[in-house]
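Here are my notes from a pass through this one, jotted down as numbered points. Have the structure open while you read.

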Amino acid sequence: MKTNFQFANLCGTVYQQGNVLFTGDGNTVLSPVGNRVTAFDLVNNSSYTFPFENRKNIAVIALSPNSNVLISVDEDGRALLVNYKRRVVLHHFNFKRPVRALQFSPDGKYIAITHDAHVQVWRTPNHMMREFAPFELHRTYTGHHDETISIQWSSDSTCFITTSRDMTARLFTLNPLEGFRPKTFAGHKDLVLNAFFATNGKTIYTVSRDGAVFTWRQKEGQEGTDDEDDASDAPMQVDTASDVGRAIAQTKWGISERHYFNQAHTKVVCCTFHAPSNLLIVGFSSGIFGLWEMPGFSNLHTLSISQEKITSVAVNRTGEWLAFGASKLGQLLVWEWQSESYVLKQQGHFFDMNTLAYSPDGQHIATGGDDGKVKVWNTTSGFCFVTFSEHTASVSCVDFAKQGQVLFTASLDGTVRAFDLIRYRNFRTFTSPSPVQFTSLAVDPSGEVVAAGSTDSFEIFLWSVQTGKLLDILVGHEGPVSGLAFSPTGNQLASASWDKTVRIWNPFNRTRVVEPFQLTADALAVAFRPDGKELAASTLDGQLWFWDVSSSRQTNIIEGRKDVSGGRKADDRVSAANNSSTKSFNSIAYTADGACLIGGGNSKYVVLYDVRAGVMVRKFQISENLSLDGTQELLDSRRMTEAGPLDLIDERGDESDLEDRMDATLPGVGRGDLSKRRYRREARTSCVRFAPTGRAWAAASTEGLLVYSLDESVAFDPFDLEVALTPQSILSTLAKREYIKSLVMAFRLGERPLIRKAYEAVPPSEVALVARQLPQIYLPQLLRLIGEHLERGPHAEFALIWSTATLLAHGRFLRDRAGEYASVFRVLQKGLQDFNSSVAKLCNDNTSTLDYLLDQQRLKQTARTDASDSDEMEQ
């Protein structure tokens, strides 16, 4: 089995903190997600997460005007210089101070950053080459008396205006200008959030937190510049871009108008300005945003989009789409204000994500969280397309029915619910005779029976999905039931409990003889191999146990405590190397072929084991974010104080905003909200699952839903190569129209572009002959290629011809090895279902159009008939 899995995407979390921004074309939104950056393509309805990670949570991101360079800066001021198009980190740099704002100049040559009370301007590094010291400081600007908050450039990149907590804005020029002194814009009674230039450079707008907007223009009667007091009284004329900056610098600015938003009991949190259309977009602490047209200050639009404050706002290049981020709720919204409709509306789980499950075709992932929400995500686009909020307590387990579009969920509110994924409704609710909390769930392969284990009564309840009635109660465990799994054959149910036993039940037989498997510690999770012949369980002491189901004999045991252990928390008294006593696997899952087992737990590692050999194959680190607890191997002694670790000291009382200083949480609460006793999140994995296709696996972690997929960059298998096997020889063979030979050579070489070229070069009339002559060893690669071509390629009919010919020619061989090729079949099934759904949707959309055309044709025929009849009557 291939193990070269690499990080592919981060779902479940769409926005955490920092600023959101649009790309230059205005079609993509970039959003900071922890220490990563996620891009949401609004046109193609897809999302992807960049593979790089910052050291800590990202505070600010900026993209160059030509969309070549992306800079992400974390909370400590450490920056990453990234080639945006290739998604490659070019350089690491430390600004040595927290950065509140970062802006590229419009010409892309300079970068301005806030540096405490100062402003630094750096030359933009070259994105085409790697340099030893790409960051070159141009100049440092001083003048503010408190922390600088924002920076805005003029349109010609010759000057910029900054705002600060000292309630002023200051105007600087990029290069020294003779006779120029930085201008100060004072008069606000609260900190100035942002300042903006109008397009013509004759007007400046400043916005303060208390809801005041000041319009600054040239003072009346002083149209001349500082150096030309005897200039004429004619208004200044601006012709070229260079004249804009000089005119801005030499103007004597004064307050022309004062405007106020007059929003009661609320403050301005964020704002932006679209200069071409003179639109001022403001986000308030009450979750309301508004659009004002300047300079008249006319309110065009006001809407409440969140229950919490809007922490970031951005506008695209055309001014049509507005992006908003709400940090506390994890919301990301894109609003088209002219049509008053959502382009994108996504929200992650409010608290931690507890569980996940793949749909049988691998197209969807369902997740459940502490907020009682159940969300279903599309694995291709990365978007959540439905949210169920019927549960009133934490969702502990989710699972799909093997047949049909049904999702089952178990919760601590004492209910098990069944959701219809076609009509998006809760069609069945299962409850126990007495209220209990359910922490485990399993669904029969036929989808007719659902089982749930409780933590209160230590019982297992079985219900009929069709009638909703309670079928049976399995009693025997002496501790909470932590894991359930139905055998793929459907006649056995395995349960794991904290009473240090694993039991295999026969719920559909009359005999109730159950022989428990004794363990050395509490059992945490249980899983069947896909063929149902082997059972695996994880225990609290970090061990993995394996049994042969038919003979009830233990076959293997893996000591995994040292493998999963790693990372030292801020309050740990022992080092990470000696702290493996608390590490174990909370969740385990078999791969699609059953050769390997993956497990994750309360640590930063997810471990992949070879079951037969009993050895660790690979270890994945889910996060390198130092903002999370447990990601460091060694703690910094310099951050230790008399009051304890510096990272655990509550510094919210030092915040400048009153709402940030207030603490309404209950003392001692350690889960759910970021309380005063413990508010630093811990890097851990609550659930891991392998995709049915075997090409990916997902983990529900602290940062969200991490998806890892196979890396396709491996070019060839060295055991199947010859000296004469080269790309040139394959192309020459293809030119001779030797299709079967060229296709086999391409499979042996393993380069995907050549395989696709040889595959697409086969004429449709000869597909059946080539499929019949293809060696059976290459059938998995061919079927996987057909499935991917159906999903992504434009030649749908060609792929359908290939799939039909391959299955007709090798159907018996593939049926006999259905278990071995199960993951390949699921890839093909996923592609076929995707194509089927898209064609069905297209046909449904075109039905009304076709009916209209047919009706028009009938009307024309009727009119012609009537006209011919009238002509005959006249004759």
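1. Strand E27 covers residues 321-326 and runs antiparallel to E26, the two being joined by 4 bridges. Keep in mind throughout that this is a predicted model.

2. Zoom out and you get an open sheet of 4 strands, ordered E26-E27-E28-E29 and paired antiparallel. E26 (312-315) and E29 (341-347) are the edge strands; each has a single partner, so one side of each has no neighbour in the sheet. On average, neighbouring strands here are turned by 10° against each other, direction ignored.

3. Aspartate 610 has valine 615 in E53 as its bridge partner.

4. Which residues of helix H4 are buried? In H4 (residues 727-735) they are Ser729, Ile730, Thr733 and Leu734. Their arc around the axis is only 135°, which puts them on the same side of H4. Helix H5 (739-749) and helix H6 (752-760) are among what covers them. The face turned away from the buried side carries exposed Gln728 and Ala735. After H4 comes arginine 737, with a positive phi near 65°.

5. Aromatics deserve a point of their own: the structure holds 46 aromatic pairs. Take phenylalanine 93 and phenylalanine 95, with ring centres 5.2 Å apart and planes at 70°, so the pair is edge-to-face. Phenylalanine 93 is partly exposed at 21% relative accessible area, while phenylalanine 95 is buried at 3%.

6. Then there's tyrosine 141 with phenylalanine 172: centres 5.6 Å apart, planes at 55°, so this pair is tilted. It links distant parts of the chain, 31 residues apart, with tyrosine 141 in strand E13 (residues 136-141) and phenylalanine 172 in strand E16 (residues 169-173). Both residues are buried.

7. Finally, Phe5, Phe7, Phe620, Phe690, Trp697 and Tyr708 form one aromatic cluster. Arginine 36 lies over the face of phenylalanine 7, at 3.9 Å from the ring centre. Elsewhere, arginine 258 lies over the face of phenylalanine 214, at 5.2 Å from the ring centre.

Note on methods. Residues numbered from 1 in each chain as written. Predicted model: local features only at pLDDT ≥ 70, side-chain atom pairs only at ≥ 80, totals over all residues. Heavy atoms only, no water. Pairing = 2+ DSSP bridges. Axes fitted to C-alpha atoms, helices over the stretch in contact; angles between N-to-C directions. Buried < 20%, exposed > 50% of the residue type's maximum accessible area, 1.4 Å probe, protein only. Arc of directions from axis to C-beta. Contact = heavy atoms within 4.5 Å. Phe/Tyr/Trp six-rings, centres within 6.5 Å; stacked < 30°, edge-to-face > 60°. Lys NZ or Arg CZ within 6 Å of the ring centre and 35° of its normal.
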